[in-house]
Amino acid sequence: MLVGVCDFPGTYAFPPHGYGGIERWLWATALGARAAGADVHLLGPAWRDDLQPDWKRHPVRLEDLSAGSTALKALQDSRYDLLVVGHEYPSLPAWRERADLLGSDIATFQHSPLFRHSDEAFDGLNRRLYCYSQQMVDRYRAHEPIQELAVHAGLGELEPESARGDGLVWVGRVDEQKSPHIAIRAAQLLGRRIRVVGPVFDREYTDRHRRLFSADHIEWAGELGGSAKTHAFRDAETFVYTYSRDYVEAGAAVFGESLRAGTPIAALAWSHGTCVEAALCEQTGSQTVLDPSVDDETAAQSLAEAIEKASELPHRRVQEVGLNRFDARRHFKALAGTP
């Protein structure tokens, strides 16, 4: 099987150094395809130049190629079985026109809860859309989505052996949508230290909660990548997950990252059928599902209870389940429709 993994014209490298959603998913898919025995070509100019030299690269984007061009003819002659691409592309006419000329299957994962696809983008057979949660499947029902957990990875992020760490960790972008202030308050209620890992995207948000964000029980780590990121998960006793009441999480990388590192998850959710529910089980974490009308203090108290439950789970077993559930090879085979 020949697979083309197409980069995405965003602001992050492939694979990204730390933060990034689509980019980390595309890289994990490339790794999973290789592990499954497929030949993999990296399509697009944004792939990092420090990758191992055995990766076959075509530094072109399909939408930039003119019909009948030598570059497009070379891709046609390669006879790809599957193109893996960021979620917008199957709805972009220029990209679709070129992809149709290649005659391959197309698979993509929905990383945004807001993007509106064209009616003809997917057929559920040769052009497949994958969604993480039942909530996302329902949002994209018209496109015949397939529910599947996403796997994300960065360069040099092989998970170390699990160990029972110390304290709590929260990982993500720091803004209103991700609402880490609730996790910080829950840690404060428990008298626990919490490490906040990730870039600050919204200074107005952190200013509104400055008393919490400046508290003594917080360690600010900033954005981490590579082994520093995997150790940030592994070195914590529990990973704490939050998001805002009006935000829909399309498929957070942090679930797989934490569980593969052997760290159980305590999660806050505002409805059923979310990514939290899809990712976790009794062996890997504890979630609290609250009515959005409750205030932040009540949410923090409930999340604190979930933290206490999750902290009792054995890290070695969490890692065993996590490595199986969020395995890049298994994920690629699901995308490719192979047993």
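Helices and strands, as counted here, are DSSP runs of at least four and at least two residues respectively. In this predicted model, the span 169-316 is 40% helix and 18% strand, and its end C-alpha atoms lie 18 Å apart. The UniProt record, an unreviewed entry, places the feature "domain: Glycosyl transferase family" at residues 169-316.

**Domains and their contact**

The domain assignment divides the chain into domain 1 (2-155) and domain 2 (168-323). Between the two, 21 residues from domain 1 and 23 residues from domain 2 take part in the contact. The size of an interface is often given as the accessible area lost when the parts come together. The table gives values for this pair.

| Item | Value for domain 1 and domain 2 |
|---|---|
| Distance between centres, over C-alpha atoms | 29 Å |
| Area buried between them | about 1600 Å² |
| Share of that area on carbon and sulfur atoms | 55% |
| Salt bridges between them | one |

Elsewhere in the list of charged pairs, R24 and E257 form a salt bridge, with their closest N and O atoms 2.3 Å apart.

**Nonpolar cores**

The largest nonpolar core has 84 residues, and at least three of its residues come from each of domain 1 and domain 2. V5, Y132, Y241 and F255 have the most contacts inside this core. What does Y241 touch, leaving aside residues up to four places away in sequence? Its partners include E249, F255, I265, L268, V276 and L303. A second, separate core consists of 15 residues, among them L62, Y80, Y89 and W95.

Terms used:
Residues are numbered from 1 along each chain as its sequence is written. This is a predicted model: local features need pLDDT of at least 70, side-chain atom pairs count only at pLDDT 80 or more; totals for chains, interfaces and linings use all residues. Side-chain values use heavy atoms; hydrogens and water are left out. A nonpolar core is a set of buried Ala, Val, Leu, Ile, Met, Phe, Trp, Tyr and Cys residues joined through side-chain atoms within 4.5 Å. Buried means under 20% relative accessible area, exposed over 50%, partly exposed in between (1.4 Å probe, protein chains only). Domain bounds come from an automatic or database domain assignment. Contact means heavy atoms within 4.5 Å. UniProt positions are given in the numbering used here, feature names are shortened, and annotations may be inferred rather than shown by experiment. Buried area is the accessible area (1.4 Å probe) that two parts lose on being put together, summed over both. A salt bridge is a side-chain nitrogen of Lys or Arg within 4 Å of a carboxyl oxygen of Asp or Glu.
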